[in-house]
Structures are given as structure tokens and as C-alpha cells.
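Here is a short briefing for a first look at this model. Keep the sequence and the 3D view at hand while reading.

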Amino acid sequence: MHYLRSILFAAAVVILTIVVSLTVPFLWLFKASSATVRAVSQVWVKGIMFLFRAVLGLDYREYGRANVPDGPCIIACNHQSLWETAALSAIFPDASIVAKKELSRLPIVGWFLQRYPMILVDRAAGRHALKQMVEEAKRAVAEGRKVLLFPQGTRQAVGDPMVFQAAGISALYTTLDVPVVPAACNSGLFWGKKTLMIHSGTVKLSYLPPIAPGMNRKEFQPMLEKMISEESERLVREGEAKVSP
């Protein structure tokens, strides 16, 4: 049953993407602002979230939402599946998300990513990429928006040791002078890293108390990693017995 639902979900996402893509010529012709592109993108993202619930029976529950400031901040979440990319985009529609530049080459989706705007990082560019990321994040914060990133840099399966790419999040923390909200989810229990099979259930998404600006990197980095790792492990333990077979 999960296999059939997963196929139906994938097909529905393709259809939704095609429908949303029909707006691209009009957005391009009328030189739509980033706010307009974000609004159209939200139709796509929220449509995907609806399909998670309606087709797959996969919902989510947030914990600690009061820990997220109303104004600009950095949200740093663990990364186990593509679920949190869609979910956090829907939950924080104005956030500027740090993503790998390779995604900009995807048909249709890449067009939206470049104009959202996302913070697209060329990971092969080294220090230049880091500088670019910080400058674009500064602009997002100046506009009153949140910055969202996955400090692991890529998806990591449940049970694998958590490895963080510390340079990026540390550079943002020490430069932007805004709080960092550590976040964790257990989405990998329902959607594995290298499979299209998605299980039903309820993903838990937890926001931890924010880390105030002002610490140095040597203090900040281990604190952030410890908070995310421990919360992720806790959520996985709680969710393992509840995943539908």
C-alpha cells in the first residue's frame, strides 16, 4: 500500500509542478518581483504539503514554535529527507533558504529558486562561496526575513553519525548578529535518503531555545551541534515505534 501511495504521490507532484510551471511565461513577461515569485512558489509548496497528508497520510507536528522569534533569525535544522525542505518552506514562506547551486539547473524549479530568491551556494567555490552566502544572507536579514539552512550540508540517513559543515553556519552566526534557532526533525523515519517509498505517520519538528548572538565560533559551534544532534536522536527514538509498517 505504501508503495502504491508513494507512486501516486510522485505522479501528483509532477502534475502539480507542470501546472505551476504554466505561470512562468507570465511571471517572466511582466518581470514579476521576488515577492510575487515567492507567492506562486508557495502554491506549489503548500500543494506538496497537502499531498503528503491526503495521498500518503503523512502529517507533522511542531514543538517549541514559541522559540522562533518574529523577526529575522537563522533557523538551523538537521537534514534527513526532502520533507523538511518542503515543510520549512511552507512554514516560513518569507525565509531565504541556503541551498546548493546545482539545484538552479533543475527545469522549472531552478527558475523559481533563482528568483525566490534562495541563497544558492557553489560548494566548489570555497571562500568565495562563503562570502557570497554571507552577503546574500545580510540582504535577507535587512529585508526582515529569516535565513534557513541545513548545517549538515546534505541529507544524512537516520542512524548515521551526524556530520556538520561548520564553516557556513558559523560565518552567518558571527556576521549577521541575529539569534540562531536550532531545529530538529525525525522525517528520515518516514522517508529514507535513497528511496521513493514514503510511510504514513506524523513527523515531529522541534524548535529549541535560540542561541543569542555574541559567542565566539569555538563556543557556538559545539553548542549548536550538540543541541541539534541530541534533539534529533530523541525524536527518532520517540518515533521509531510509531512508524506504520
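Leu 58 stands opposite Gly 201 in strand S7. The points below follow the strands, then the cores, then the confidence.

**Strands around S7**
- Strand S1 (residues 58-63) and S7 run parallel, joined by six bridges.
- Strand S6 (residues 180-185) pairs with S7 in the antiparallel sense, over three bridges.
- Ala 183 has Tyr 207 in S7 as its bridge partner.
- Six of the seven residues of S7 (residues 201-207) are buried, so the strand is largely enclosed by the rest of the structure.

**Nonpolar cores**
- The largest nonpolar core has 48 residues.
- Phe 52, Trp 83 and Tyr 207 have the most contacts inside this core.
- Helix H3 (residues 34-56) gives the core its largest share, eight residues.
- A second, separate core has 25 residues, including Val 98, Ile 119, Leu 149 and Phe 164.
- Leaving aside residues up to four places away in sequence, Trp 83 touches Met 49, Phe 52, Leu 58, Tyr 60, Cys 185, Ser 187, Trp 191 and Val 203.

**Confidence**
- The protein chain has a mean pLDDT of 90, and 97% of its residues reach 70 or more.
- Among the elements of the chain, S6 has the highest mean pLDDT, 98.
- Helix H5 (residues 109-115) has the lowest, 76.
- Where pLDDT is low, predicted coordinates should not be read in detail.

Conventions:
Residues numbered from 1 in each chain as written. Predicted model: local features only at pLDDT ≥ 70, side-chain atom pairs only at ≥ 80, totals over all residues. Heavy atoms only, no water. Core = buried A, V, L, I, M, F, W, Y, C linked by side-chain atoms within 4.5 Å. Buried < 20%, exposed > 50% of the residue type's maximum accessible area, 1.4 Å probe, protein only. Helix = DSSP H or I, 4+ residues; strand = E, 2+ residues; numbered from the N terminus. Contact = heavy atoms within 4.5 Å. Pairing = 2+ DSSP bridges. pLDDT = per-residue confidence, 0-100.
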